[in-house]
Amino acid sequence: MATPSDSAERFLVKGRVEGLPRRRVDRDLLVRWVASRLLELDEPVTERELTDRLADLARDPVGLRRELVDSGLVTRTRDGAEYWRTRVTEFDDL
């Protein structure tokens with residue numbers, strides 16, 4: 001039986017996110033996986049730090065950062081200076 005992590009990792013190319021899946025359910029799954037790998041819950045990071053972390057994993061770190069915020073997994077300050085993850089996913093070991 002496949003684990004949630006296995007199902008999200010099927011979208012990686014050589015361990016990287018080269019593009020987001022077209023199907024919304026697949027895109028949401030991958031974005032939840034990325035969030036759980038890059039940010040601890042309520043860990044504040046600067047915009048630069050988050051973008052750098054995403055750049056290590058994805059071809060389009062800015063687009064993926066936007067997707068994290070739009071999905072409601074990551075919240076940011078009004079001026080965009082600080083980001084933090086606010087939601088638990090199925091990929092978290094709690």
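User: How many Å does helix 2 reach from its first C-alpha to its last?

Analyst: In this predicted model, helix 2 covers residues 24–38 and has 15 residues. At 1.5 Å a residue the expected value is 21 Å, and the computed reach from the first C-alpha to the last is close to it, at 21 Å.

User: Is Asp26 of helix 2 buried or exposed?

Analyst: The buried residues of helix 2 include Leu29, Leu30, Trp33 and Val34, and Asp26 is also in that list. Because the cut-off for buried is under 20% relative accessible area, and Asp26 has a relative accessibility of 12%, Asp26 counts as buried.

User: Which residue meets the side chain of Asp26 in a salt bridge?

Analyst: Side chains of opposite charge can pair when their charged atoms come close. For Asp26 the N to O distance in the salt bridge is 3.5 Å, and the cut-off is within 4 Å.

User: How many residues apart are Glu43 and Arg53, which meet in a salt bridge?

Analyst: The side chains of Glu43 and Arg53 meet with an N to O distance of 2.9 Å. This pair links distant parts of the chain, since Glu43 lies in the loop between helix 2 and strand 1 (45–46), while Arg53 belongs to helix 3 (residues 47–57).

User: Which residues do salt bridges that share partners join into one network?

Analyst: The count for the model comes to 13 salt bridges, one of which is between Glu18 and Arg16, at 3.5 Å from N to O. Where salt bridges share partners, they join into one network the residues Arg24, Arg27, Asp28 and Glu67.

User: Which strands stand at the edges of the open sheet?

Analyst: The open sheet has three strands in the order 1-3-2, with antiparallel pairing. Each edge strand has a single partner strand, so one side of each is left without a neighbour in the sheet; the strands at these edges are strand 1 and strand 2 (74–76).

User: Which residue in strand 3 stands opposite Val74?

Analyst: Strand 2 and strand 3 (residues 82–85) run antiparallel and are joined by three bridges. Across this pairing, the residue of strand 3 that stands opposite Val74 is Arg85.

Conventions:
Residues are numbered from 1 along each chain as its sequence is written. This is a predicted model: local features need pLDDT of at least 70, side-chain atom pairs count only at pLDDT 80 or more; totals for chains, interfaces and linings use all residues. Side-chain values use heavy atoms; hydrogens and water are left out. Helices (H or I, at least four residues) and strands (E, at least two) are DSSP runs, numbered from the N terminus. The expected span of a helix is 1.5 Å times one less than its number of residues. Buried means under 20% relative accessible area, exposed over 50%, partly exposed in between (1.4 Å probe, protein chains only). Two strands pair if DSSP finds at least two bridges between them.
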